[in-house]
Structure formats: C-alpha cells, structure tokens
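Subject: Structure for your review

Dear colleague,

Please find below the structure that I am handing over to you. My notes on what was found in it follow directly after.

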Amino acid sequence: MRSCVGCHVYCIPLPRVALHANASSLSWQLKTLHGALISLNQLLSNHKAMSNHAQVPGEPTETTTSLVETATGAIQGFRPIKQIHEHLCAFHFYGYDMTRQVEAHHFCAHQNEEMRQCLIYDTPEADAKLIGLEYMISENLFLTLPDEEKPLWHSHLYEVKSGVLFMPRVPGPIERHGLDKVCKTYGKTIHFWQVDKGDNLPLGLPQLMMALTRDGQLDEELGRDVEKRFGVSFEKERVKRAELTGPTHGIHPLANGGGKGLIPKLREVDCKPADSVPRVFV
C-alpha cells in the first residue's frame, strides 16, 4: 500500500491475474484478488470513518522537521511521557449537556498509588488529537477536597461495572486488576478541543467533562461503533465485573456535579498592572 504524491488517496496494487487453463491456478489467483479487494474495502471503510473528523489546517510536516524530531527524540529523555503505562477507553459528556458525548482515550501514568494523570486523545492512532486531561484520585484524597471542589469530580464505578470503560487489547485478568482500582477512584476532566463539533482547532473555553453514571445515558450509536471497532461487548464485560466494588463510603453526593449541570463561564475582571506589585528585592 502506498500514498500517491500530492493527494490523500492510498493505493493498493492489485495482483496481476493471468488467466490460465489450469483450474487450480485460476482458483488461487481469484482468491488472491478477492483478498486484495477485501483489504481495499477495509481501507475505504477506515478512510470514511477518518473523513468524519475535521482535519487540522496547515502544511504537511516537512522532511527537515521530521529529521530534527528524529534527532531530538534520540537525545532527549521524555521521562514524564515514558511513565505512561495504561490505555483506558471510555466516554465523556459535557458537564452541561449529556447529549454531547465523545470517545476518550486515556493514556495514564501514576504519580503514586492514590493519584494518576492522563492525557486524553480522540483516537488511539498516531495522528490523534490531544483533546484533554484527566486527574484520577483515590477516595481518601477525594474526601480531603473542599466541598466546593467536589462537584467538579466524577465517579468511575458505573463506567467500570457497566463495561463501557475498558483497556483495549489487555488480557482479562490483567485488565480486571487495573479496573478494580479505577472503579474506586474519582476523576476531574477538562477538554480543550470540542471535536464533536467538528472544530479543526481547539476553540473556545476549556470544558468540564463528566462520566456516565447509570444505564440509558450512553449514546447507543456511539457505543455500538466503539464495540465494533475494538471487538468488545459491554454486556459481556458487565457480567464479568459484577463483583467489583466502588468507594468504601459509596459515591459521594457532591460528586458528579452534585447531580446538576456545570458549565465554565468567562467574565471580565480588573487586571492589576505589574507596577502595582510591591517589590521584595530592589
């Protein structure tokens, strides 16, 4: 498969089929052609799915830029990024509008046993858009938060037990161990890029996001699409996870927006000039 110069079309060279009188030879050639056509159909299907997402404006990455990135990649450490050890797929909705739901791929690293931080992308592919961040904390840490802070955090118990939060391609026993910890945590999520609107750049205010907390909330079409692409069944996972438990004290009543919608607002305030700040050192 190759990409044609100057376009975004991918070409699959089809095998040359020379018709021979030998029936077995012809049968083999037809099977080969059939396989190539299946590959082409899959590629077209993937391209159609990709076309539904807005493309970021700008010129293609130059060769010199790629060469510099290769050099810096070999020299610099990237230690914070290399701490990422876990990929979670789930769904988020805007804190003020449950009808606006997005697929969210979390790439997470532990700060310690009670706190992890995640980069959130719209897909798990190499060209995915970085759309947000999520911080996950234990029940113990959540209970230390001021009451005015607690509504900004959402619970993970339903997401895990219902099967809609999963670890792509991770074997069941390993996934279960990880999810047993996740379902006891709370998360605070901010999205910067409203990809569900088709924005090709991160426009507008950062948005507070929430997570599903009961049956009937997940957009059925979105859910079926994820199940199909990742080969998972939420219902089968629900059965397997029936014995998992959540926070020791149950879901805090102030979590999940306190049961209400929350939306960030921008307001103007006086901005003190730098000259008004007292100088400590002269």
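R241 counts as buried, at 3% relative accessibility, where buried means under 20% relative accessible area, exposed over 50%, and partly exposed in between (1.4 Å probe, protein chains only). The side chain of R241 meets that of E237 in a salt bridge, at 3.3 Å from N to O; a salt bridge here is a side-chain nitrogen of Lys or Arg within 4 Å of a carboxyl oxygen of Asp or Glu. E237 is also buried, with a relative accessible area of 15%. Both residues belong to a network of salt bridges that links E175, E237, K240 and R241.

Please note that this is a predicted model, in which local features need pLDDT of at least 70 and side-chain atom pairs count only at pLDDT 80 or more, while totals for chains, interfaces and linings use all residues. Residues are numbered from 1 along each chain as its sequence is written, and side-chain values use heavy atoms, with hydrogens and water left out.

The count of salt bridges comes to 14. One of them joins K188 and E149, whose closest N and O atoms are 2.9 Å apart. K188 lies in strand β8 and E149 in the loop between α4 (139–143) and β7 (154–155), so this pair ties together parts that are 39 residues apart in sequence. Helices (H or I, at least four residues) and strands (E, at least two) are DSSP runs, numbered from the N terminus. K188 is partly exposed, at 22% relative accessibility.

A further salt bridge is formed by the side chains of R229 and D225 (3.0 Å, N to O). These two residues are 4 residues apart in helix α7 (residues 220–230), a separation of about one helical turn. R229 is partly exposed at 42% relative accessibility, and D225 is partly exposed at 35%.

On a 1 Å grid over the protein atoms alone, a cavity is a set of points where a 1.4 Å probe fits but cannot get out, and lining residues have an atom within 4 Å of a point. The lining comprises A90, H92, H106, E134, M136, H154, H156, E159, L165 and A211. The elements that give two or more residues to this lining are β3 (86–94) and β6 (130–137).

Yours sincerely

Key:
1 Å grid on protein atoms, 1.4 Å probe; cavity = no way out; pocket = protein on both sides within 12 Å on 5 of 7 lines; lining within 4 Å.
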